[in-house]
Amino acid sequence: MNWINYFEKYSSDRMLLASIEAEIGRLEHYGKESKRLDSLRSAASSLKSSVLSAEAFLDDYVTCASCPKEAGRRAQERLYLKLRYRQGLTMEATAEAMDVSRDTAYRIRRRIIGRGDIFSAENHSAPTVRS
């Protein structure tokens, strides 16, 4: 799984979690206790831990750099990931918020994809949830 796929999954998990929590709220409002409610709570709990893990990972995304130029690029990538996946902006809106052209935003995306597998040895280990 590469960086972009990971954060796209995070974005879809976040939307799914919101819809599950809304459904749980509707069922609780009507006072219905059922197997469905229990399974929804279980699914929400699982998704919540996945979303929290991804958010922690996004906060810690590529914090070390070998030179100032690389540090600037990684800061751009981090901003791109936050705007695009945490705030859910379109590519054009992300580029506008970053004050770069749309082509530059796509270039940043390709650079992130080029980093390779997020769980490779050079990226240390899988993301974990902070306590």
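Me: How many aromatic pairs does the structure hold?
Reply: This predicted model holds three aromatic pairs.

Me: What makes the pair of phenylalanine 7 and tyrosine 85 stacked?
Reply: The ring centres lie 6.4 Å apart, and rings pair if their centres lie within 6.5 Å. The planes stand at 25°, and planes under 30 degrees apart count as stacked; the pair is therefore stacked.

Me: Why is this pair said to tie together parts of the chain that are apart in sequence?
Reply: Phenylalanine 7 belongs to helix α1 (residues 3-29) and tyrosine 85 to helix α3, so the pair joins parts 78 residues apart in sequence. Both residues are buried.

Me: Why is the pair of tyrosine 80 and tyrosine 85 called edge-to-face?
Reply: The planes of tyrosine 80 and tyrosine 85 have 80° between them, and because planes over 60 degrees apart count as edge-to-face, the pair takes that name. Ring pairs link Tyr6, Phe7, Tyr80 and Tyr85 into a cluster.

Me: How do you know that α3 and α5 are roughly perpendicular?
Reply: Helix α3 (residues 68-86) and helix α5 (residues 102-114) pack at about 105°, with axes 10 Å apart. Angles of 65 to 115 degrees count as roughly perpendicular, so the term applies to α3 and α5. Residues making the contact include Tyr80 and Tyr85 of α3 and Ile108 and Ile112 of α5. The contact residues divide into six nonpolar, one polar and four charged.

Me: Why is lysine 82 called partly exposed?
Reply: Lysine 82, in helix α3, has a relative accessible area of 27%. Buried means under 20% and exposed over 50%, so lysine 82 is partly exposed.

Methods. Residues numbered from 1 in each chain as written. Predicted model: local features only at pLDDT ≥ 70, side-chain atom pairs only at ≥ 80, totals over all residues. Heavy atoms only, no water. Axes fitted to C-alpha atoms, helices over the stretch in contact; angles between N-to-C directions. Helix = DSSP H or I, 4+ residues; strand = E, 2+ residues; numbered from the N terminus. Parallel < 35°, antiparallel > 145°, perpendicular 65-115°, else oblique. Contact = heavy atoms within 4.5 Å. Nonpolar A, V, L, I, M, F, W, Y, C, P; charged D, E, K, R; others polar. Buried < 20%, exposed > 50% of the residue type's maximum accessible area, 1.4 Å probe, protein only. Phe/Tyr/Trp six-rings, centres within 6.5 Å; stacked < 30°, edge-to-face > 60°.
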